[in-house]
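Welcome! Take a moment to turn the model around on your screen, and then let this briefing walk you through it.

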Amino acid sequence: QVQIVESGGGLVRPGESVILSCVVSERLFSQRYAMAWYRQAPGSQRELVASVNEGNSVNYADSVKGRFIIFADNDANTVYLRMIDTKPEDTAVYFCNRDWRTIDVWNWGRGTQVSVSS
């Protein structure tokens with residue numbers, strides 16, 4: 001069973017930056033799927049915010065475009081999400097997994113909480 005461990009969250013002030021990490025227990029992109037970061041705010045459904053594939057093609061939700069950067073280190077089986085110019089509406093638990101638009105997801109990790117507040 002694939003294990004996913006997200007880390008790097010915390011409390012940040014609006015406009016500050018934070019980088020999240022996601023370590024996966026198997027080699028990334030081994031079945032040519034994309035990896036994605038998701039988030040879930042209190043009372044809201046989980047949403048996909050960014051994805052990256054083996055060819056480094058990326059896409060972003062409109063709400064984070066220009067502020068979030070997703071990238072992967074295949075050798076480390078790690079996917080990162082760099083968040084810049086954070087906003088209070090970015091407050092959520094962040095998860096990573098395979099891109100659910102194209103393939104079934106693995107069991108979810110615990111996620112990492114990001115809170116943006118002054």
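Below is a short tour that goes from the whole chain down to single residues.

What you are looking at is a predicted model. Of its 118 residues, 42% count as buried.

**The chain as a whole**

- Read from the N terminus on, the elements follow one another as β-β-β-β-β-β-β-β-β-β.
- How does the radius of gyration fit a compact globule? A compact globule with 118 residues would have a value near 13 Å, and the chain has 13 Å, so the two agree.
- Along the principal axes, the C-alpha atoms fill a box of roughly 40 × 25 × 25 Å.
- Among contacts with a separation of 6 or more, 56% come from residues 24 or more positions apart.

**Surface and charge**

- The chain exposes about 6,300 Å², and 44% of that area is supplied by carbon and sulfur atoms.
- There are 12 positive and 13 negative side chains in the chain.
- The centres of these two sets of charges lie 1 Å apart.

**The disulfide**

- Which cysteines are joined by the disulfide? They are cysteine 22 and cysteine 96, with an S to S distance of 1.6 Å.
- This pair links distant parts of the chain, since its two cysteines are 74 residues apart.
- Cysteine 22 belongs to strand 3 (residues 18-24), while cysteine 96 belongs to strand 9 (residues 92-98).
- Cysteine 22 counts as buried because its relative accessibility is 0%.
- Cysteine 96 also has 0% relative accessibility, and therefore counts as buried.

**Two loop residues with positive phi**

- Asparagine 56 is not a glycine, yet its phi is positive, at about 65°.
- You will find asparagine 56 in the loop between strand 5 (47-52) and strand 6 (58-60).
- Is asparagine 56 buried or exposed? With a relative accessible area of 55%, asparagine 56 is exposed.
- Aspartate 85 is another residue other than glycine with a positive phi, here near 50°.
- The loop that holds aspartate 85 runs between strand 8 (78-83) and strand 9.
- Aspartate 85 has a relative accessible area of 42%, so this residue is partly exposed.

- Arginine 32 sits in the loop between strand 3 and strand 4 (35-40).
- At 75% relative accessibility, arginine 32 is exposed, because the cut-off for exposed is over 50%.
- Arginine 32 and glutamate 54 are separated by 22 residues in sequence, and their C-alpha atoms are 6.8 Å apart in space.
- Where is aspartate 99 found? Its place is the loop between strand 9 and strand 10 (112-116).
- Although aspartate 99 is in a loop, its relative accessibility is 3% and aspartate 99 counts as buried.
- Setting aside neighbours within four places in sequence, aspartate 99 is in contact with Ala34, Met35, Ala36, Tyr38, Leu48 and Ser51.

- Valine 12 is part of strand 2 (residues 10-12).
- Why does valine 12 count as buried? Its relative accessible area is 8%, and buried means under 20%.
- Beyond its neighbours within four places in sequence, valine 12 is in contact with Ser17, Val18, Thr86, Ser115, Val116 and Ser117.
- From valine 12 to lysine 87 there are 75 residues in sequence and 9.3 Å in space, C-alpha to C-alpha.
- Valine 52 is part of strand 5, and valine 52 counts as buried at 1% relative accessibility.
- Once its neighbours within four places in sequence are left aside, valine 52 is in contact with Phe29, Ala34, Met35, Ser57, Val58, Ile70, Ala72 and Val79.
- Valine 52 and glutamate 26 are 26 residues apart in sequence, and the distance between their C-alpha atoms is 16 Å.

Conventions: Residues are numbered from 1 along each chain as its sequence is written. This is a predicted model: local features need pLDDT of at least 70, side-chain atom pairs count only at pLDDT 80 or more; totals for chains, interfaces and linings use all residues. Side-chain values use heavy atoms; hydrogens and water are left out. A disulfide is a pair of cysteine sulfur atoms within 2.5 Å. Helices (H or I, at least four residues) and strands (E, at least two) are DSSP runs, numbered from the N terminus. Buried means under 20% relative accessible area, exposed over 50%, partly exposed in between (1.4 Å probe, protein chains only). The radius of gyration is taken over C-alpha atoms; the globule rule is 2.2 Å times the number of residues to the power 0.38. Contact means heavy atoms within 4.5 Å. Accessible areas come from the Shrake-Rupley method with a 1.4 Å probe; for residues, only the protein chains shown count as cover. Lys and Arg count as positive and Asp and Glu as negative; His and the chain ends are not counted. The place of a charge is taken as NZ of Lys, CZ of Arg, CG of Asp or CD of Glu.
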